[in-house]
Structures are given as structure tokens and as C-alpha cells.
Amino acid sequence: MQPRPLGPSTSSLARLALVLAALSLLPPIATGQTAKLSCPYFFDNLHQATDCLEAVFSEDDKPLYTHLTVGSVPPGNGFSLGIVTADPTHFVSAFAPRTLPDMRKTNPNIFVVPSDVAPPDQPNSGGRKSLFVPRVSVAASTNGSWYATGGFDWLPPLYINAPRPGPVPTCNKLGKLCTDTVLTLHLEGTHSVARTINFYGLGPASPNTQYTFRLDQTYGGMQGRLPLADYHTVDTSSEFSAAAGIEAHYLQLPVEALPASVYVHFTAATLPGITAQPTYVHGNVGFIDHLTHISEASAKPGQVIKRRDAIVVDSSFTYHWYTDTSSSAASFQQAVADVNLALEIGGIFQQDIRSSATHLRAFFPHAFYSFVQDRCAGPPATPPLHLPPNPTKEDIKKAKKAATDYIKNNFYTIQITHGDRCDFGDVDVAAHLAASHAPSGNTIPFFMRPTVGGQDIDSLTSLRGFANYRFRGADATFVQTSYTLPVYDPLGLLVFYDAGNAGDTLGALSFAHLRQDAGFGVNIRIMRVSYAQAYLAWGAGSGPYLGYNLVKHF
């Protein structure tokens, strides 16, 4: 019996095309939409139609807080569709998402300003509020994979609002701690069925032969984050937090007789964990650090545009204990470190630019400033319609024609104003390292070992020039660099380079053993958050690979 062939199938490409077509209809300026405001006018114009589509997948309005979701099952399990009901995460929660500053806003808010500000004469008033944020989600895919999850965030009533010096005048205070965000406990329970997880063997030199297994999981527990310190200046914001958690994790690999199944090609002697799957108690402790810095150059006489950039650095370190509750033979520990750096390239125009200027009527200057305008001011204002009182349809028609003729005759296609802020894209660098250790005599089950290549089980990308789950080992590392240029929101062009591998020892992850790839593609980003990628990548030693990624956001 032969394992299944490699490469993207026709059905995969069809699903990719369907997903990209749907997501590309999202509105140029992405904000939280509501279905009740936009969907009744779906057929009125394209803007209302795209607002409605966004609302269907990102509804954040009362009373239901419910929306659809895609990309909710592990890669390789077909197209999935689900529904999420969740209250918005409060901005003082330690689990509140950290998004990149919008460089086109006049005053990007990089600081979290606590609510219920205490009056200066009553520094210990306010606060001490308990906040409960529930969430329920279910989803299913075209190959029969599915998941159901429910949980909530709890912000205990331990803090009071207090004044403090600096650009953020208040904080949430707990004893000696004085921070923007507060202690948050996240409790969750999940059951999932992934019918197809790919497997290529263990180690950095595993053969390019694809096998599969099914993975059923039930897990639940609690994760907590405690902000310890933060720091603010006019152009910098940072926060340092401690994290800890515990959960019970039950896993099962149902026996299958499919031609590509690992049960057909491996035994307990050649693949640890294939015949017996332990129930784990999983504990972890670690820290999380976040830094945002805005850098703005001084204006110079005669300067057309001055530099204004943002640097965002997120880093974390977590140590995990996986305790086998049945025999302890599969117990192990794992250290995970992540660093992500994003450089947003921006600028502020110091002059007015109009296409009526003679020198802009030449092709190249006009093309250049048209490109710049899309990244800065947006489309030019439409010339006003000159209408008489109580205009008729014929009057409106003539006025619209006159405005069109004005644009044509005056090259009225560029309108950049002094002070307009620009977004010229992001340079992103990410580094990841996972190092596992099993006591003498213990063996780490193959399905618990981290993977590098394509996407992992949580839909996170690593080596995009290789198939999903391509390399698997006790230790794994990768480095990614990419540049995304916004073209027409929410679409952007993407170029990238990746390097990484997985192995049974850290020595197998040396630079000489790293797999590498490079490629280009398109990126879909809503409200500064990446939702999807489609790309073509070339990996050293492997041919071109067409892939896509739908990021989980629930």
C-alpha cells in the first residue's frame, strides 16, 4: 500500500480560491461592522455589501456578540466554517490582543487608559469590579473534522484605580503593583476531532513521504496572567507579565486501516506513542513582554515627507511540564521561547501635492505619487457637485458629468495634504525555539513533538516552502523575515524568507542543518491583524510549493 502523493490537490486549490475571493471582498477601511446596519442595504452598493460580509465574520455588537469563523480546524482538514459567541475582551484584560499601531491615524493610541479614573482627591476610589467574559464556539470542516469549545475570562475584583505620574495619569493598583492591565484568569474546555494530520517521520532528515493519523483531543484547564510592571513615555509603552496555568489533556489516535495511515506503516517499536496515548496533566510558567515605540524624525526645510516609524517587540518564555498520569513513561518537559519584532515604515507629508501641478502630469511622477497617495491620504476628494435648488435628475446627471470632466481635464487624481500620515508596510522578524527533555527511560510520543514546515496544528506558519508538519522532532526552531506592502486594503503584497528545522537534539538545529525557503504572496489584514495568506514558496531541495494560511482568531 502506497502513502498518498504530495503536493496541493485540485480541491485544495479550489478551497484556496474560494477563501481568497470571499476575504478580498472585505472593505478597504476595516472597522468593526454590525450586520443590522449594513446588511439591509446589501444590494444598494459595493461598500454596504462588503461591510455586511465583514460583519458576518466579525460581529461585535450587542446583544449576541455572535459571528461566523473560518480556519478553525488544523491544516489539511478541508474548509471549515463555525460560529463564535463571545463578549469583546475588555481592554484591561491581560489577554487583550496586542495590535500594531495604525500609522495613518493622526494620534495612534499606543497606551491603554484605564477606565473609572480615580479623582485626584480620592486616589483609592473606583475599581474593585469583577468582570466575566464568556465565549462559546463550534465549527466543522468538509472532511468531518470538528471542534467545540467554551470558556470565560474572569477579572477578579482585586484592583483599585489610582493616579500616577507620566503620560498615562492613572493605573490599576494591586498592592505595590500599578499597571494598565489587571490579573486575568482564563478557563476553557475543548473537544476536537482532526481526521487528517500529516506525518513524515521523525528528525531533520525524514523522507519526503506523507503518512496520516487521526487525532481526537479533550482538554480543559485554567491559564492566568499577572501584569507585574509597565513603563510609559510620550513615544514608548511596555508591559511585563507573569503567566502560569494547568490543564488536563486527554488524547486518542483511533486505529485506521487507510493506505497512508501510520498504523499501516509503523509499529510501537518504530513510532513511540502509536499504540497507547497517555492522559497528561500539563502545567506551565513563564513571562511575557510587550514593547511599542514610535520614532518620528524632525522636519527639515523643503522636505516633502519625514520619517515616522513604529517598532513593536513581543517576547515570551514558557516552561512546560507534561506529566503522564498512567505510567509516567511518557512524561517530559519543554521550554519554548518566542521573539517577534515588527517595524512599521511610515511618514508624514510636509507639503501639499496636487496633480494639477505641471510636473506631475508626466507619467512617472504621476504614477509615483498615485502609488504614494494610496498609502497615505487615500483616494482624493470628489469635486463637489454644483446643483441648483431642488435639482432634477437631469440636473444631477449634468453635475456629475461636469465633475467627471473636471477630473479628466485637470488630472484631479492626486490630492495629498500637509500632515497626511503614510503606511509603507511592515518588516516582520520572528524567531521560535522549542527544546524538549524526557527523563532517562521516558519517550516523548510522536504526536506531542513540535513540527516545522508549512503550518503546525495551531495554524502557525514556519517553513512556507514545505508541506504542513513536514519536520517533526523533540526540538524545533525557525526564523522568519517578511515584508508586507499594503496595496489595496485589506490586500497586501508579501515577500518572505524562512529558515528552520526539527530534530532530536539541539545540535541538529545548528545553522548548517537549517532548511530554508523564500517566496511571495498576498496577505489579508483586518484592523492591523493578519487573517490569511496565500503564497508561492521555493524551499532548498524541494520544488515550488503553493500554500495558504487561515489564522485562528478566537
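**Close-up views of a predicted protein model**

View 1. G245 stands opposite N284 in β11. The structure is a predicted model, in which local features need pLDDT of at least 70, side-chain atom pairs count only at pLDDT 80 or more, and totals for chains, interfaces and linings use all residues. Residues are numbered from 1 along each chain as its sequence is written, and side-chain values use heavy atoms, with hydrogens and water left out. Strand β11 comprises residues 279-296 and is joined to β10 by 15 bridges, the two running antiparallel. Strands (E, at least two residues) and helices (H or I, at least four residues) are DSSP runs numbered from the N terminus; two strands pair if DSSP finds at least two bridges between them.

**View 2. Strand β11 also pairs with β12.** Over 17 bridges, β11 pairs in the antiparallel sense with strand β12, residues 305-324. Within this pairing, S316 in β12 is the residue opposite I288.

View 3. L228, F240, F287 and F317 make a nonpolar surface patch of about 300 Å². Patches are made of residues with over 30% relative accessible area and no salt bridge; like charges are joined within 9 Å, and nonpolar side chains (Val, Leu, Ile, Met, Phe, Trp, Tyr) within 5 Å. A salt bridge is a side-chain nitrogen of Lys or Arg within 4 Å of a carboxyl oxygen of Asp or Glu. Accessible areas come from the Shrake-Rupley method with a 1.4 Å probe, and for residues only the protein chains shown count as cover. F240 is found in strand β10, residues 236-252. With a relative accessible area of 33%, F240 is partly exposed, a term for values between buried (under 20%) and exposed (over 50%), with a 1.4 Å probe and protein chains only.

**View 4. Three strands form an open sheet.** The strand order is β5-β6-β7, with antiparallel pairing. At the edges stand β5 (160-163) and β7 (177-179); each has a single partner strand, so one side of each is left without a neighbour in the sheet. Neighbouring strands of this sheet are turned by 40° against each other on average, direction ignored; the axes are lines fitted to C-alpha atoms, for helices over the stretch in contact, and angles run from 0 to 180 degrees between N-to-C directions. Three bridges link β6 (residues 170-174) to β7 in the antiparallel sense, and N172 stands opposite T179 in β7.
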